[in-house]
Amino acid sequence: MVNRRKTIRIRLWNFLFLLVVGQNARGQSKLLSVHVTDSQHQGIGAHIVAGAFAGITDSTGTALLHLSPGRYLVTVSALGYAGSSQGIVLKGDTTIAFVLQKSSNQLKPITIEADRILQLNQMSSHLLSIEQMKKLPTLMGEIDPLKSITLLPGVKNAGDAGNGIYVRGGGPDENLVLMDGITVYNPTHLLGAFSIFNGDAVKNISVIKGGIPAEYGGRLSSVISVTSREGNKDSLKFNGSIGLISSRLTVEGPLQKGKSSFIISARRTYIDQLARWIAPDSIGNNGYYFYDVNAKLNFELNAANSISFNFYTGKDNFNYDKNESTDRYRHFKANWGNTLAGATWKSQISRKIQQEFSIFHNSFELGSSISYNTDGVLFSSGLLDYQVKNDWMYLPSNRLKLKAGWQGTWHQFKPGAGSTSAGEQEFISKINKQYGREAAAYLSADWDINNRFNILAGLRVSYFDQVGPKTEVVYGKDGVPTGKTIAYKKGQRIAKYMYPEPRLAMRYLLDRETSIKLSYTRTVQYLHLATTSAATFPSDLWVPVSRLIKPGVADQIAVGFFKDLSKSYEFSAEAYYKQMDNELEFMPGAQLLLNQNIENEMIFGTGKAYGLELLLKKKTGPLTGWIGYTLSRTERTFAELNGGKPFPYRYDRTHDLSVVANYELSEKWTFSGLFVFSTGNALTMPNGRFVYNLGFNFSNDSPIYTNINRYGKVNDYRMPAYHRLDLSATFTPNPESTRRFKSHWILSVYNVYNRSNPYFIYIDVDENKKTIQGKQVTLFPILPSISWNFNF
């Protein structure tokens with residue numbers, strides 16, 4: 001036994017010795033810094049290959065490689081750009097620059113994605129550039145980055161105008177949506193028909209569904225990150241679009257030529273203005289519109305330091321007034337929106353160390369009011385955040401990359417407030433604000449053990465505490481208020497939670513065209529979105545964890561197979577299994593609005609999701625696109641629902657298919673089309689109805705009855721399948737023009753064959769025939785649109 005232990009110790013020391021010696025030997029390598037920009041001096045997300053080593057540029061277009069001295073051919077490729085190569089002799093630390101030219105006006109094969117997915121250690125991720133999104137058919141001419149990712153396997157939306165994205169069985173609040181690193185709590189306009197991301201201000205969008213890196217946290221399902229464009233550092237530019245329902249205008253240019261830039265982009269719909277112009281008497285002051293404004297400043301202080309400032313504000317406004325008579329008046333008004341602001345300092349401290357420090361602010365506000373004669377209800381909710389984060393990266397060698405960082409967030413929740421009035425009497429009810437502190441620290445290592453095997457391991461530790469001031473109602477074991485309350489002072493801790501979140505991903509290259517990947521991810525979520533289908537107006541409430549509300553926890557395992565079938569075709573298959581704990585639902589008949597003690601309306605259970613995702617891409621040539629298919633199952637289990645037995649989640653879909661195709665016919669004409677098919681959403685429908693006698697009406701000598709529905713299993717009914725075909729064509733009149741002013745037309749048809757897809761189903765009673773029937777509500781029929789886009 002002693003000799004065996006000694007042998008083990010000797011082998012362990014040998015391993016550590018070889019590891020240290022190997023790292024020191026690689027420490028003799030030289031730093032190759034590659035900077036990739038376009039003709040307007042904007043950094044490009046590109047794939048770098050130098051000999052046997054590869055890398056990806058960051059948001060500034062920079063990639064760092066540690067290489068042994070020698071001769072190398074450095075090749076750069078990026079989506080929508082002609083590739084480029086340079087031969088170098090590496091003797092010391094070297095910096096080289098590439099300026100890529102767009103390939104959209106060249107009749108040459110173009111690449112649909114910059115990086116070779118099979119070589120990356122990150123699995124379950126996708127990146128779409130704005131050039132790719134602009135080729136997709138649009139709803140009423142609006143480019144929508146958020147809708148674009150729902151065409152990828154494993155990412156689903158709620159349907160036409162559905163408010164939310166569902167990734168691998170998670171709910172809409174379980175996605176971490178970021179705009180330049182700033183959290184977005186409500187990323188949609190028009191209750192989900194459009195996203196808040198203006199296509200003219202967006203550079204790309206990425207989604208990570210599994211194997212989430214340790215620097216991200218706070219949500220259970222995915223990371224959806226939108227990167228905005230930087231302004232042109234060379235000259236003043238204008239571009240915009242005029243469509244059927246909205247117009248956009250973007251202005252960009254240098255503050256100091258070649259060193260700093262600005263970009264301002266604005267968008268507004270004008271359905272309300274057109275309606276009032278066409279029918280002023282019937283429309284009156286009624287109407288709906290939304291607007292948003294993006295702004296970004298970039299300053300290159302020197303070769304090693306840069307600062308950027310980001311700002312976004314947007315709002316939806318809806319107004320409805322109706323005078324039925326002199327003494328009967330109805331009024332409904334709702335407005336909601338986001339405001340984001342942030343500053344980021346990036347610094348290359350040495351050839352091996354770089355850091356990024358950010359300060360962010362975001363707020364989401366929602367307000368609604370309903371009035372009938374002299375009675376009215378006001379509803380307001382919101383969330384306010386202040387965040388500080390700092391990320392560091394250390395490159396001891398070309399095979400090892402270390403990341404570490406921390407972040408802290410101060411949350412303020414406004415869960416609702418209301419007032420009613422009747423004649424001269426007035427009652428005002430205010431709901432207490434709630435406060436929370438969230439923090440996290442992480443460490444991760446990305447290690448190429450050899451040319452085939454890579455390990456990405458990380459640990460994130462997250463923390464949340466709810467603090468006062470707050471007054472809580474004390475409930476008994478039977479759920480009935482005891483009449484007692486607990487008052488917490490400002491800053492006094494109410495509840496606290498701390499969780500470790502391990503992350504592990506592995507990639508093994510079988511050959512130059514084939515790889516397999518495996519990942520495990522644990523994520524924890526401290527904020528919950530409370531929604532109710534019973535509300536007649538927008539009513540989203542974000543609530544923090546507390547003594548009663550526990551954090552959501554998810555554990556996911558995923559395995560994938562990735563294959564380059566040829567230079568044009570790429571195939572991937574991923575299988576996943578995810579277990580979710582402390583999933584939140586509301587009791588039947590729960591009162592969410594103006595409820596001081598909303599925590600007692602909640603029930604908690606578990607969730608399970610598993611599936612298979614297939615993706616086939618054609619990356620080059622005049623015809624490009626992809627086919628994505630998902631076979632999946634998502635369940636929820638609550639002791640208080642469905643007799644404690646598992647039931648399908650509302651957005652469980654067995655089959656989900658998307659086909660996307662882009663065809664470049666000539667320099668003047670480009671065509672695109674997409675087809676989507678999915679199993680219908682699950683929902684609960686009554687399986688019977690009985691009549692209940694409430695009493696007797698003596699004024700007309702008749703009994704008073706009411707109908708009461710009887711329900712069986714939860715979500716045991718399926719809506720009809722959803723499917724749709726969209727087509728579009730882009731016409732550029734003078735593609736070879738050397739004039740500064742250029743323009744093109746986009747013609748698009750949404751729902752080409754006029755499919756009546758279900759938005760929701762309700763029960764209708766025919767009193768004459770004495771029958772009960774479910775009826776379907778459809779939102780969008782066939783919708784053609786045209787928009788004119790220009791730049792100069």
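How many bridges join strand 11 to strand 12, and do these strands run parallel or antiparallel? In this predicted model, strand 11, made of residues 175-179, is joined to strand 12 by two bridges, and the two run antiparallel.

Strands of a sheet pair through backbone hydrogen bonds, and the pairing may be either parallel or antiparallel. Here five strands form an open sheet with mixed pairing, and their order is 8-15-16-11-12. Strand 8 (125-129) and strand 12 (182-183) stand at the edges with a single partner strand each, so one side of each has no neighbour in the sheet.

## Confidence in the model

For the protein chain the mean pLDDT is 82, and 81% of the residues reach 70 or more. Residues 422-429 are a stretch where pLDDT stays under 50, and the model gives these residues eleven contacts beyond four places in sequence. Residues 532-538 likewise have pLDDT below 50, and this stretch has 15 contacts in the model beyond near neighbours in sequence.

## Cavities inside the structure

Rolling a probe the size of a water molecule over the atoms shows where empty space is left. A search of the whole structure finds eleven cavities of 30 Å³ or more, and the largest cavity holds about 110 Å³ of space. This largest cavity is lined by 16 residues, of which Asp180, Ser228, Asn294, Ala295 and Phe311 are the closest to its centre.

By class, the lining of the largest cavity is made up of nine nonpolar, four polar and three charged residues. At least two residues of this lining come from each of strand 19 (260-269), strand 20 (287-300) and strand 21 (305-325). In terms of domains, domain 2 (110-228) and domain 3 (237-681 + 719-791) each supply at least three residues of the lining of the largest cavity.

## Strands 37, 38 and 39

Strand 37 (residues 569-586) and strand 38 (residues 602-618) run antiparallel and are joined by 17 bridges. One of the pairs here is Gln579 with Lys608, the latter being its bridge partner in strand 38. Strand 38 is also joined to strand 39 (residues 623-637), by 13 bridges and again in an antiparallel manner, and Leu612 stands opposite Leu631 in strand 39.

Strand 38 and strand 39 form a hairpin with four residues between them, and Gly621 in the turn has a positive phi of about 100°.

## Backbone angles to note

Most residues other than glycine have a negative phi, and most peptide bonds are trans. Asn582, although not a glycine, has a positive phi of about 60°, and Asn582 is found in strand 37.

A further place to look is the peptide bond that joins Gly468 and Pro469, which is cis, with an omega of about 15°. Pro469 has its place in the loop between strand 29 (453-467) and strand 30 (470-475).

Technical notes: Residues are numbered from 1 along each chain as its sequence is written. This is a predicted model: local features need pLDDT of at least 70, side-chain atom pairs count only at pLDDT 80 or more; totals for chains, interfaces and linings use all residues. Side-chain values use heavy atoms; hydrogens and water are left out. On a 1 Å grid over the protein atoms alone, a cavity is a set of points where a 1.4 Å probe fits but cannot get out, and a pocket is an open set with protein on both sides within 12 Å along at least five of seven lines; lining residues have an atom within 4 Å of a point. Grid points are joined across faces, edges and corners, and a volume is the space filled by probe spheres set on the points. Ala, Val, Leu, Ile, Met, Phe, Trp, Tyr, Cys and Pro count as nonpolar, Asp, Glu, Lys and Arg as charged, and the others, Gly among them, as polar. Domain bounds come from an automatic or database domain assignment. pLDDT is the predictor's confidence in each residue, from 0 to 100. Contact means heavy atoms within 4.5 Å. Two strands pair if DSSP finds at least two bridges between them.
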